[in-house]
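Please look through the sequence and the structure shown here before reading on.

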Amino acid sequence: MIIIETHEYRFPSSLLPALVNNDPVDEIDRDHFNAFLDELEKYKKEYDATDYVVSCESDSYFSHTNCLSDVGCNVTDIRVHFIR
């Protein structure tokens, strides 16, 4: 396994189970969440990666913005590693 590229995001803590475990996403967040996954897939193809792996910090904190929207919420810093 070779890490090709790493991206860092402030991700809504409430949606981590959906990102990591493929849990259901409520209708309010679904469009933004799916757009984020589409972006990851776009980068995966761009980097010619076979997959990506998400790692996250254990602490969450409040932020006025996050990677899905401009709505303030508790976020967790995550890293998305694109691998081959």
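Which pattern does the chain follow when read along the sequence? The order is β-α-α-β-β.

## Basis of the report

The model is predicted: local features need pLDDT of at least 70, side-chain atom pairs count only at pLDDT 80 or more, and totals for chains, interfaces and linings use all residues. Residues are numbered from 1 along each chain as its sequence is written, and side-chain values use heavy atoms, with hydrogens and water left out.

## Secondary structure and strand pairing

The chain contains 2 helices and 3 strands. These elements are DSSP runs numbered from the N terminus, a helix being H or I with at least four residues and a strand being E with at least two.

Strand E3 (residues 73-83) pairs with strand E1 (residues 3-12) in the antiparallel sense, over 9 bridges. Strand E3 also pairs with strand E2 (residues 51-63), again in the antiparallel sense, over 10 bridges. Two strands are said to pair if DSSP finds at least two bridges between them. Individual positions illustrate both pairings: Glu 5 has Phe 82 of E3 as its bridge partner, while Ser 63 stands opposite Cys 73 in E3.

## Overall form

The C-alpha trace spans about 35 × 25 × 20 Å along its principal axes.

Of the 84 residues, 35% count as buried; buried means under 20% relative accessible area, exposed over 50%, and partly exposed in between (1.4 Å probe, protein chains only). Among contacts (heavy atoms within 4.5 Å) between residues at least 6 apart in sequence, 67% join residues at least 24 apart.

## Charged side chains

There are 7 positive and 17 negative side chains, and the centres of the two sets lie 6 Å apart. Lys and Arg count as positive and Asp and Glu as negative, without His or the chain ends; each charge is placed at NZ of Lys, CZ of Arg, CG of Asp or CD of Glu.

## Phe 62

Leaving aside residues up to four places away in sequence, Phe 62 touches Gly 72, Cys 73 and Asn 74. Phe 62 and Asp 51 are 11 residues apart in sequence, and their C-alpha atoms are 30 Å apart in space.
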